[in-house]
Amino acid sequence: MSVFGTVNRVYGYVDPVLEQYLAGGIDRLVPDLIERALVKWRDGGFVRFDDYEANCTIQVFRWMVAERETNPDFHCVHPRLEWVQPTPEMFAAKESASHMRRPDIRLTIGDSAAWTVECKRLKLSDNLPRLYVDEGLERFVSGSYGASEATGAMIGYIIDDSPRQIVKAINRRVVEHAVMGAGHELKRRARTKRLLNRYVSQHRRSSHRKIEIEHYHADVR
Amino acid sequence: MKENDLVVPDRQIAWAFLSSCGRLLGEGGILGLLLPSKSVLHNRSQKARAARQQLMGTTPISTVIDLSVLRSSTFATAKAPAVVLIAHNRPAASGHDTDPDLLHVVPRNSPLQRLLDGFVVAQDDIHRVPAGRAAASSEMWQILLWGDLQDHSLISSLKSKFPPLSQIAKSRGWLYSRGFQVKGGCENDAEHLLGMRLVPAEAIEAFRVIDDATERFDHAVLHRPRSEKLFEAPVLLIRRGIRQGRPVAWLSTQDVTFNDSVIGLSGPQEDIDHLRIVSGIVHSSLAQYFHFLTSSSWGAERNYIELGEHFSLPVPALGSDSQPSVLEVVKAIESFGLTSELQDQLDSCVFEAYGLLPEDVDRVTDMVNVTIDHFRRGENSVGVAEPSRKVLDEYRECLIRGIETVFPSTEIEVVFALTPDFYIVASCQVTPPGHSQAGSYSSGTRTADSSSGIGGVLLQAVEHQDQAWSATSTVLQPSLLVLEGDRAHVVKPRETRFWTKTRARSDAGDVMAALAGRGRVSHASS
C-alpha cells in the first residue's frame, strides 16, 4: 500500500451507549436484507437458469436489489456483485453466467463498513459440505475474507439431500478442521417466520479477533 | 509472451514490457511505472480488457494514480494522459487479505492546486477498490476517475435491468453506423449518395440542426460509403463529439448524408416515434451521466463518444408504459425548441422510465451540475467554489434523512462551522430515544461538548495524518470523520463538490457505520 493507504478517514471515540444502540440497528440491516431477498426468491419458486452457483447467486443479488429499491430501510445498504456484470437475461434466468467467474456478494454501508457474503452449492455428494467449510468458512476464519470485519455471511444452495443432513456433514468437517474444531460448529438460529434454515457460527481468528458468520441455507430442490 | 499465452493489445511493446514486470518483482519488492492511462486503464477493445485482467492477475498492483484530469498540466507537451501504477509484492506471510483492496487516487485541479503548483489529492478522491471488481469491470477506472463505487453500482444496475441500445436496434432491424469515410486508401463507388443533402457534424445541436445550407454530397468514390439504408429517413444523427458538455442528436425526416463524425441510426417510417424516444433518452441527464462515466475518451482524453459506447447505453424496452411521456416531451421540444423547463420535464420522464430512486436522481443531477461542470471549467467550476447556504441546507437535510430512515426514533441535529484554512465542519449529534441531547449521558472519558472537544479531537486527527503523510510534492485535502461521544464531525474542504446531496447520503452511511463501531476507525484521541 502506498502513502495514500496510510491515511485514515475516521478518528475518535464514540459514547458506548450510542454505539451499542446504533450497532444493534446496523447489524440487523444486513442479515435482514439477505433473508428478505432469499424469501422473495423462494416465494417466486427459486427461479434460476440452473443449479450452477453463479446462476443462483445472481438471483439472490437480483432480489437484494429489488428489496432495497422497494424498502427505504435498506437504502443505505449497497449490494455489489463481485467478478460478474449480470445482463437483463441473467436476471430473468434466461441466460447462464456459467462462463463467468463465480461471483460473491458484498454489502456496504458508507465507504468503510462492508460485509462479505460467500455463496456455495450444497448436497452430501461431491464433497460439497467439505468445500463449504474449506473453501468458504475457512476464508473468513483465516482472515482471507474481511480481515477487518467482525461479521460475515454464507449462503448455501441446497440442491439435493435434506438441510438437516447437510448441516450435520458441515459440522463434522468444522470439528475436524485444523483452524476451527469443536465450538466452531453451526448452531441453528431461533426459528424465524421467514426462513427456517438459518444458522450462526462464532470463531476466534489467529489474530485473536472474533468473527460471527450468519449462514442461510436455501432449499432450492 | 507466446509461451505464457500473454495478450498484447495493439502490438504495443510497452504492454509486453508491462506484462513481464510483475513476474520479475521479487518478494517484498516495490515497482512504480508511469504509463499512458488510456491504453492501460480506459481502452475497451477485447484485447485491451484481456490484457488488463491479465495485468491485475499477474502483478500485485497496490495503487493506481490516474493523472488524466491533469493531462494538460502534468506533462504539458504530452498528448496522452498518464497513470502511475505502484505494485508491491508483499511477503506471503504478511497477514494481509488474499484479495486486498487496491487504492485508486485521482489528483484534481482546483484553486488550491493552482496556488501550490503541486498535486492536490482530496481524501474523497482516494478509492478503495476490491481487486475482484477492478479485474472484472472494464469501466471501473473510468467511473472512478469522476465518480465513486456507488456510481459503479448504479451503472451496473442499469446494465442488469435494461438491454443496450444495440440490442434494441438489432431486434427492430434498425441500422446504425458512423457515416461515410472519405479517406483511407480504398475507392468504393458512392454514386448512390450524389446530390443528397450533406449534414456537417458541427451543425448538429440538441434536437436540431443549425445549418440550413443546401450543401450537397459530391464525392463519386469513398473509402467507406456505408450502406445506402443508413442515410434513409427517418434517421437519428448523433454527433460523435460532445457539444457544450453533452451528447446531442437530431432526428431527420428526410434522407441525408453525413460523414464519420456523425453516428446514424436509421429505422423504418413506422418506428419514427421510437426513434424520437431514443433521441429523448440520448439528450437526458441520465445518458449524459452514463456516457461521462463510461466513455473511454470523454472525461479522460478527448471529447467524443465512440459508436460502441453510444450503443451500450441501457434502454428500457420501447413501448413500455412510461415512455409516452418521453415522447410527448420530445414532440414539444421539436415544436417549441429546447427550454430549461422542457429539459427538466424530459429528465423527469426519463428517470421515471428507468425507475430511478430519488437518491439515484440526485446522484445523476449532481454529476451533471457539479462534476461535469468541474471537468469542463476546471478551477473556475461551481464544483470548486464555496458552497452556498442552499447547498449546505440541502446537505444537512439529506444527512439527517439518511440517518433517520434507519433510526427513525433518534434525534439528529446538524450544525455547520466554518474553520480557517479552507474547511467546513458539519457536526452531527445523534441522540437515541430515551436520552436527552447535549451530552446528558456519559461518554466514558469526557462529556460530549463540542466547544471543548472538537478542537482537541480535530488537532489530534490532523497530527495523526501529518505523521502518516510524508509526500512533499503532494498535498492531501483531508476529508475526515471525527467522532466525539455522541457526535460525528464531518470535516471536508470548502468546495461545493464535497457538500452535494449525493455526498450527504454517502456521509450518512459513514456516520452511522462509524458511530456503530463498524468500518475502519483510528482511535487517535481515545
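Strand 3 (104–109) of chain A is mostly covered, with six of its six residues buried. Strands here are DSSP E runs of at least two residues, helices are H or I runs of at least four, and both are numbered from the N terminus. A residue is buried if 20 or more other C-beta atoms lie within 10 Å of its own, exposed if 12 or fewer, and partly exposed in between, with C-beta atoms placed from the backbone. The model is predicted: local features need pLDDT of at least 70, side-chain atom pairs count only at pLDDT 80 or more, and totals for chains, interfaces and linings use all residues. Residues are numbered from 1 along each chain as its sequence is written, while chains are lettered from A and ligands numbered from 1 in the order in which they are written.

Both faces of strand 3 of chain A are covered. Asp104(A), Arg106(A) and Thr108(A) are buried on one side. Ile105(A), Leu107(A) and Ile109(A) are buried on the other. In a regular strand the side chains alternate between the two faces of the sheet.

**The sheet**

Seven strands of chain A form an open, mixed sheet in the order 2-3-4-5-8-7-6. Its edge strands are strand 2 (77–82) and strand 6 (187–188) of chain A, each pairing on one side only. Pairing requires at least two DSSP bridges between two strands.

| Strand pair (chain A) | Sense | Bridges |
|---|---|---|
| Strand 2 and strand 3 | antiparallel | six bridges |
| Strand 3 and strand 4 | antiparallel | five bridges |
| Strand 7 and strand 8 | antiparallel | seven bridges |

Leu81(A) stands opposite Ile105(A) in strand 3 of chain A. Ile109(A) stands opposite Ala113(A) in strand 4 of chain A. Gln202(A) faces Glu212(A) in strand 8 of chain A. Strands 3 and 4 of chain A form a hairpin with three residues between them. In that turn, Gly110(A) has a positive phi of about 65 degrees.

**Helices on the sheet**

Helix 2 (residues 53–70) of chain A lies across strands 2, 3, 4 and 5 of chain A. It runs at about 160 degrees to strand 2 of chain A. Such angles run from 0 to 180 degrees between N-to-C directions, using axes fitted to C-alpha atoms, for helices over the stretch in contact. Contact means C-beta atoms, placed from the backbone, within 7 Å.

Helix 4 (residues 128–142) of chain A has 15 residues. Just after the helix, Gly143(A) takes a positive phi of about 95 degrees.

**Cores and chain B**

The largest nonpolar core has 90 residues. A core is a set of buried Ala, Val, Leu, Ile, Met, Phe, Trp, Tyr and Cys residues joined through C-beta atoms within 7 Å. Val60(A), Leu483(B), Met512(B) and Leu515(B) have the most contacts inside this core. Its largest share, 10 residues, comes from helix 1 (residues 16–43) of chain A. Apart from it lies another core, of 88 residues, among them Val64(B) and Tyr354(B).

Chain B has 18 helices and 19 strands. Of its 526 residues, 47% count as buried.

How values were computed
Expected span 1.5 Å × (residues − 1). Contact = placed C-beta atoms within 7 Å.
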